[in-house]
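This report goes through selected features of the structure below, from domains and chain contacts down to single residues.

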Amino acid sequence: MINAVGRDIPNYLLKDGKEVYQGKFYMDGKYIQKVAPKTVRYEKPQESKIVATIVDALKQCGAKSGMTFSFHHHLRNGDYVANMVMEAAVRELGLCDLTIAATSLGEANDPIAEYIEEGKVIGLQTSGIRGKIGDVVSKGKLKTPAIIRSHGGRPRAIEAGEVHIDIAFVAAPTSDCVGNCRGIGGKSNCGSLGYAMTDARYADKVVVVTDCLVDFPNYPASVEAIDVDAVVVVDSIGNPAKIASAAARISKNPRDLMMAENVAKVIASTPYFKDGFSFQTGVGGPSLAANLFLERFMDKRNIKMGWAIGGICGPMVELLKKGKVGKVIDVQDFDLDAVNSINQTPGHFEMSASQYANPANKGAFVNKLDFVVLAALEIDTNFNVNVLTGSDGVLRGAPGGHPDTAAGSKCCIIVTPLIRGRMATVCEHVVTVTTPGDCVDVLVTDYGIAVNPLRPDIIECLDNAHIPHVSIESLKEKAYSIVGRPDDLEWEDNVVAVLEARDGTILDVVRQIRPYKV
Amino acid sequence: MIPRPRPRRFRLRRTMMFMNAQKPGLIKDAYIYGCDSIMLDLEDAVAENQKDAARFSLYHALKTIDYGNTEVIVRINGLDTPHWQEDIRVCVAGGADGIRIAKCESAQDVITVENAVLAAEKEFGVEEGRTLLMAALESPKGIINAYEICTASKRMFGVAISGGDFRRCMGTHFQRDGVDLLVARGQMLIAARAAGIQCFDTVFTDLDDDEGFEAELLQNKAMGFDGKSLINPKQIRPVHDLLAPTEKEVLWAKKVVEAYREQSAAGVGVFTVDGKMIDIAFIPGAERTLRLAKACGMYDGDLV
Amino acid sequence: MKVEKTAVAGTLESSDAMVTVEPSKGGIEMELTSSVMNQYGRQIKAVVLETLEHLEVKDCKVTIVDKGALDCTLKARVECAVFRSCGKSDKNIPWGGAVR
């Protein structure tokens, strides 16, 4: 069946009430029956929940083949926990037919690709899919299609029971003996534990894995002991150098800066740019650099930012410390400046993924956003964005909070170079639609700015501010005039990944790529 | 193939950005940063054993890439190298707007290049006289002979000083107040003005020293330079901002030109604008201000 | 032209391609790897063959390691490699003739 972004969704996927995507607020006002986990009662006082090894924890939690394990990605490219758990489950306990429900999977999780190839892991539910896992899934090695969700779509699916987590694993920089966890105070600090919160509340069993045991009570806790069954202390939960970079520096690349300045100009031209405005930006070169230019416009107009959300890094913490933003509230921290600031700097708080972005709750933060600045791997002439598959059709990205913030914000700005190497970023048809075009308002490239015709009000703002803009078609033509028109990708019939819109409808599918050989 | 319009000898050249002609990633779209001219470099940026590869790369870049209104100039290798003749052939065949003669020391150097350019124009069926020339003065001798160099050919549109080499010849080093190059800059400027061609200052190499760069720009502007050679896109904006006329200057220039056109149509040669006496001598300056204002987006009328 | 000895042009930097030509007897033999194979593999192949045809190279083994080079760069690298293989890359290049 063809959905609202023109994608053909195979009918066999439309079962158990699954529908195709039908527009950005289609589910508004509908009801959801939340599920509750089945958990054990620890009524008798317990000295400690510490068990010796991950294997012991798995055994205690009744791990068996066919189960779903959940992980969160706050340790980013430095994460050891998902790999340790899967190795214990597959190699030591001999479990199979496992499903991994992770908030994201990256190159740190490359060893898991092997379990997929061996058929031990048969299902993946994740936001990000990169590295070797992306390669093997793209080659059709995963038994069932991977389900890709946004950061808001995941807590929605968990709460609705579409994903049932048998055991959730919390990678905790610090924990006490009963499982109160925090993201700071240890040796592998990551700051916010926002993505782990929903998992811990909705999983049947919860195992905390830490490399820094602290005195009870570890407070204020991000994940609370009331949800935790077992605590395992290991030598190291991750590589600190890859968990948080020293400090995210604002790009010096002149191309990034040129685009960032134009982003700030666009923002400043709209009526939403007034005292108390709200803002989220990605951490890519031009997105992050937008902070710098935005600050100049704020100073010039003598206004302050009310609040900022997102994955957070240093430059935003700087603004907070300078008193130029009221509150910073985040689900994830990207660099040490942010890690060392959360719950420490007045006004810098942590929130859960559901509070951040879940479209099926009673009002997530993303729905209050004025502006979001986001990157793209591809954007087509209908403003549909792809942040999941490379132009070669291979899975190597993550919707993350992209679709959630784009849909919720008043003004969504995509910033990307027109071409990367020989890849046209602005193209006729994106390989995969991860964020529907009706959620995207402005495109800023190094070759010009285009405004979605659905937003004549923003077009007028740009005209009034004498900011030149062109049609997105002309940007596409320019791109193709430089790199040549790419050949259409060739696909096998089998679906390797299903991409859910944040409301749970099916936005797109990714089929197995048929590589070109000379 | 992208047909380029015939190069204009006199046009706005506030910023000339150097690019290694051998780097495909760089040259494919250097024009997006808005410099007035790009300078594709076959000389210092290209290793001795890659001169041949750089020419092939340059030829196809010139033939394929749409540089729009950005002027495309090529810096060729010095006349004391085995490379310059082939450099000239590829520039002319590819249709570069102009050639920058490196290490120019005499009128004869200009004439030598001009003869080779003319021969190449004939060989490749390019309109004779199309390819413009500029000279880089890099030695004391070049500075001494500045006037004869500036007047050596009708193709010459400008001269530039190359600070690094000049300082080396003089045994001096970069000075923040510019005293090391003051005389050379001055002599070159006088020669260029006397010859009626443009004059460009050398590159500023410390990309982290924003203050030093701005100080040098202010001095360039005070001395009367038309523009500056650059090594990084981030240097473009400060130059354009600084060389931009003030709103007051634009308004004044507009009044002067309008009044002049009105009065001269009525046969009046000397008149007053806002109480100041104006005659024809003021007009080229006022028109230049308006052209500059137009390039800076400060004026969109049709007087220029 | 006749490829007389092995010659290389280009680099493995992004947006460039490294092209190696080697003498061979049985026509054109091509080995291509590219970071944009699925979208541009056919076009790269066509451009390389066309460039060799312009140069009237009938027999050679050509190896391209492409890092997302534009057509103009691919042509330049192939031409440079071929001219180098004959020791003729330094002067009197037929700009606008065989090189076009």
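## Domains of chain A

Chain A is divided into domain 1 (49-243) and domain 2 (254-486), with bounds that come from an automatic or database domain assignment. This is a predicted model, in which local features need pLDDT of at least 70 and side-chain atom pairs count only at pLDDT 80 or more, while totals for chains, interfaces and linings use all residues. Residues are numbered from 1 along each chain as its sequence is written, and chains are lettered from A and ligands numbered from 1 in the order in which they are written.

The C-alpha centres of domain 1 and domain 2 of chain A are 29 Å apart. Contact between these domains involves 29 residues of domain 1 and 31 residues of domain 2; two residues are in contact if their C-beta atoms, placed from the backbone, lie within 7 Å. On the domain 1 side, α4 (131-138), α5 (153-159) and α6 (194-202) of chain A each supply at least two residues. Helices (H or I, at least four residues) and strands (E, at least two) are DSSP runs, numbered from the N terminus. The side of domain 1 that touches domain 2 consists of nine nonpolar, 15 polar and five charged residues. Here Ala, Val, Leu, Ile, Met, Phe, Trp, Tyr, Cys and Pro count as nonpolar, Asp, Glu, Lys and Arg as charged, and the others, Gly among them, as polar.

## Strands in chain A

In chain A, an open sheet of three strands runs in the order β17-β16-β21, with mixed pairing; two strands pair if DSSP finds at least two bridges between them. The edges are held by β17 (385-386) and β21 (426-427) of chain A, each with a single partner strand, so one side of each has no neighbour in the sheet. β16 (residues 378-380) of chain A pairs with β17(A) in the antiparallel sense over two bridges. Within β17(A), A:V385 is the residue opposite A:I379.

β22(A) runs parallel to β18 (residues 411-415) of chain A, and three bridges join the two. A:V442 in β22(A) is the bridge partner of A:I413. With β23 (residues 448-451) of chain A, β22(A) pairs in the antiparallel sense over four bridges, and the two form a hairpin with two residues between them. A:G448 in β23(A) stands opposite A:T445.

In a regular strand the side chains alternate between the two faces of the sheet. Both faces of β22(A) are covered: A:V442 and A:V444 are buried on one side, and A:L443 and A:T445 are buried on the other. A residue is buried if 20 or more other C-beta atoms lie within 10 Å of its own, exposed if 12 or fewer, and partly exposed in between, with C-beta atoms placed from the backbone.

## Contacts of chain C

Chain C contacts chain A through 18 of its residues, which meet 16 residues of chain A. On the chain C side, β3 (28-34) and α1 (37-54) each supply at least two residues. α1(C) gives the most, with eight residues. By class, this side of chain C has seven nonpolar, eight polar and three charged residues.

The contact between chains B and C takes 18 residues from chain B and 21 residues from chain C. α1 (24-27), α2 (51-64) and α3 (84-94) of chain B each supply at least two residues of the side that touches chain C, and α2(B) gives the most, with nine residues. That side of chain B divides into eight nonpolar, five polar and five charged residues.

## Helix α8 of chain B

Helix α8 (residues 182-195) of chain B has 14 residues and should span 20 Å at 1.5 Å a residue, which agrees with the 20 Å between its end C-alpha atoms. The expected span is 1.5 Å times one less than the number of residues.

B:A184, B:R185, B:M188, B:L189, B:A191 and B:A192 are the buried residues of α8(B). Seen down the helix axis, the buried residues of α8(B) fall within an arc of 165 degrees, so they line one face of the helix; the arc is that of the directions from the helix axis to the C-beta atoms. The face turned away from the buried side of α8(B) carries the exposed residues B:V183 and B:A194. Just after α8(B), B:G196 takes a positive phi of about 75 degrees.

## Residue B:H83

B:H83 is in the loop between β3 (71-75) and α3 of chain B. B:H83 counts as buried because it has 21 C-beta neighbours inside 10 Å. Not counting residues up to four places away in sequence, B:H83 touches B:K51 and B:N77. B:S229 is 146 residues from B:H83 along the chain, and their C-alpha atoms are separated by 23 Å.
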